[in-house]
Structure formats: structure tokens, C-alpha cells
Amino acid sequence: MHEPTARVRACDRSRIREMFDLAQELEREGRDLVRLEVGEPDFDTPEHVVDAAVAAARGGHTHYTSNAGLPELREAISDTLAREYDVRHAPDEVLTTTGGMEALHLAFLATVEPDSEVLLPSPSWPNYWTQARLADATPVEVPMPAPDYDLDADTLIAEMSDDTSLVVLCSPSNPTGRVADPEEVRAVVDAAAEHDAYVIADEVYAKLTYDRDPTGIAALTGHPEHVLTVGSCSKTYAMTGWRVGWLAGDPTVVDEATKIRESTTACTGSVAQHAAIAALTGPQAPVEAMYDAFRERRGYVADRLADMDGVTAPEPEGAFYAFLDPDTDEASLPLAKRLCREAGVVLAPGDGFGEAGQGQLRLSFANSMDRLAEGLDRIESAL
């Protein structure tokens, strides 16, 4: 494995886990905490999805499936990508996975060369760092310009070389909630293609895009063969515990990922696959209701932060995160711990998402309006 170089920073998920553990400790002591650190919908899985899973289990659909997944699910994913995001892949170019994380892991293993570089515009989700190292590649953080941290193609392209195997783009972004500009995306994919590199489009939050129609990265470029789309049922359908995701793209890469999968998880749980079919093809009213709730919360959080002295944040355009920049010299983790202990509000330390997030905090608005109001009151009072 490679030691971090001057251009490689440790994006440490342990900082986020440390806050989770601290919150649990304080709750065991009887403290009332407003939990705004976890990136998980606060809704239950839609009832018709649960019913489909129960029917599948009682109907005997409890055995192995093919490594690539049930044909009906791969077709449903193909149809959803085309209908919702204008991304065109035949069902045999889709691999079902155990959540979006396995899709990322398989995509890394199938595409990166040992000793090559994986470019990560930051701040970004810390699992990308781990995925790169598991594939024996070097993760390279490329900080995007503050204060909005929007994708800047020139900055990212300047870091590309023949050593680049992979570029990871997440839109809407975790942790900033920003949505990448199509022109910037096109420029990045074009440059990656020139270096014979792939671009992973992590679009698990794509359906939660608030100010424009969601469009997949693969639909925005003249080089879709260089884009590997990762998606999931987790966020859109409140199915985080079901662990159903997918990888769609170049059939050669998908085939290699499928071969690797035989030695990892073999297949996604069969009952969960039937649940995912119901989620993708069944009634969408529950999804629309969750979307409306998240959009209302986004507006409330953005307005509160805009009026709050001592805190700035780029307006979230998607997902359910706001990335707070407090007017303080405190480092992210000590600040988050102080807010947890003194104010009773739990946030994720910004430097857990890379050096670009140093001194900042991620707030998840996947919580009720009442708890968001209470949490923001506590933040405002403490800062």
C-alpha cells in the first residue's frame, strides 16, 4: 500500500465515527441531543416495497441469484436510468450490487492500475479514499475553490496525467449539497478520456436535485463509454438497510466487476432485489412525498443559515446536506465535540471529508422540521 505523499491527504472517516460514538455515550447519560450528523433518510421504506419483500420471502425467493442480479431488476434499473436521468444502458450493461458502496468498490477494482492515481475533488465522501487504497491506488485530493466548492474543471484537469486511472464525481455532493455544472462535467470527462481514464459518476443522490431536472453525468458528455454510473435505492426510497445498488457502464468493465463479485458477495440478497423491483417500478407517490419534505427542509435550513451571524454555507442544491463554515479558528473535530457537549447538537466534522473541509461542519437535514429548528437554534446560540 502507498503512504500519503504531499499531494495525498488522509480523509478520515474515523472523525465522523468518533462523533457518532460520542453522541451515543451522551445519550446513554440521558442527554437530549439533536442528531444532524447521519446521512440517512428519516422515513421508513414505502409500504408497498415491504409488502413485495414479504411476498418474495414467503414465495420462496430466498436463494442465490446470478452474480449480476435478477434480470427483472436489471431491466428496471435500465428503464429508471433512461427515464429519470437520460442515461442509456441495456440491462446487460447493469450490475446489481450490495448497496452503492459495493458498486464503487467493484468499479475501483475493475478499472484502476496498481500505483496509479485516483483524483478526488474535495471536500468529498471519505469512503473514496479507502476504496482507492483497497485497489492499491493512490488517492489524490484536489480541493475545489471555496466558498461554494463547486466542481472546477480547470483545477481538476490540471492534476490529470497518464498516471490517472480514475476520477470520482459525486453530484449532488456529499457533503456540500452542490450540483455540478454540466459544462464543467463535460470538460472533466473529455479530459479523462484523453488520458484513457474512467469517471465514476456517484449519483446516489441524483433524484434529490431541487433546482433543476436531474441529468446523469453519462448523458452530459460525448464520451459516455468513459463514465461508470453508480446508483442506489438507499436515499431515494429510504432503503438504506436493504443494501441494493448498481453499477452501469462499459460492458467490459461491468463484466469484469461481475467476475470479481463472484469472490466477494456473490449476489445481492434475493429478497432485497424483489423489494428494489417494487421500489423502481411501483407507485412513486411515497418518493414524491419524501422529496417534497426534503425540499421544504432545504429551504428552511438555507434561510436560517443565511440569517445566522458567524456562519456561512453554500446553498444546498441537492442531497440533504449543508456544509457550514463557522467564523472560528477551532478545528473541525474539537468544534464538533464542543457543540455536542455544550449545545447538544451533533454534526459531522468537515475535515473528515478532506483537507478542504478543515474547520467546517456538515449538517444533515434528514430530520424533522421540529428537530431542525431546535438544532439550528442551539447552533446559533453556541456560535
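A contact here means heavy atoms within 4.5 Å. By that criterion, residues 24 or more positions apart account for 77% of the contacts in the protein chain with a separation of 6 or more.

The model is predicted: local features need pLDDT of at least 70, side-chain atom pairs count only at pLDDT 80 or more, and totals for chains, interfaces and linings use all residues. Residues are numbered from 1 along each chain as its sequence is written, and side-chain values use heavy atoms, with hydrogens and water left out.

## Overall build

The protein chain holds 12 helices and 13 strands. These are DSSP runs, numbered from the N terminus: helices are H or I with at least four residues, strands are E with at least two. The C-alpha atoms fill a box of roughly 55 × 50 × 35 Å along the principal axes.

Of the 383 residues, 56% count as buried. Buried means under 20% relative accessible area, exposed means over 50%, and partly exposed lies in between (1.4 Å probe, protein chains only). The accessible surface comes to about 15400 Å², and 46% of this belongs to carbon and sulfur atoms. Areas come from the Shrake-Rupley method with a 1.4 Å probe; for residues, only the protein chains shown count as cover.

The chain carries 31 positive and 68 negative side chains. Lys and Arg count as positive, Asp and Glu as negative; His and the chain ends are not counted. The centres of the two sets lie 6 Å apart, with each charge placed at NZ of Lys, CZ of Arg, CG of Asp or CD of Glu.

Ile 379 sits in helix α12, residues 369–382. Its relative accessibility is 0%, so Ile 379 counts as buried. Leaving aside residues up to four places away in sequence, Ile 379 touches Met 308, Leu 324, Val 345, Leu 347 and Leu 363. Ser 161 is 218 residues from Ile 379 along the chain, and their C-alpha atoms are separated by 43 Å.

## Backbone exceptions

Most residues other than glycine have a negative phi, and most peptide bonds are trans. The table lists exceptions.

| Site | Feature | Value |
|---|---|---|
| Ala 146 and Pro 147 | cis peptide bond | omega about 10° |
| Ser 171 and Pro 172 | cis peptide bond | omega about -5° |
| Asp 115 | positive phi | near 75° |
| Tyr 149 | positive phi | about 60° |

Pro 147 is in the loop between β4 (138–143) and α6 (153–157). Tyr 149 lies in the loop between β4 and α6. Pro 172 is in the loop between β5 (164–170) and α7 (182–194). Asp 115 lies in the loop between α4 (99–111) and β3 (117–122).

Asp 115 is exposed, with a relative accessible area of 53%. Tyr 149 counts as buried at 11%.

## Cysteines

A disulfide is a covalent bond between the sulfur atoms of two cysteines. Here it is assigned to a pair of cysteine sulfur atoms within 2.5 Å. The structure holds zero disulfides. Cys 233 is buried at 0% relative accessibility. Cys 267 is buried too, with a relative accessible area of 13%.
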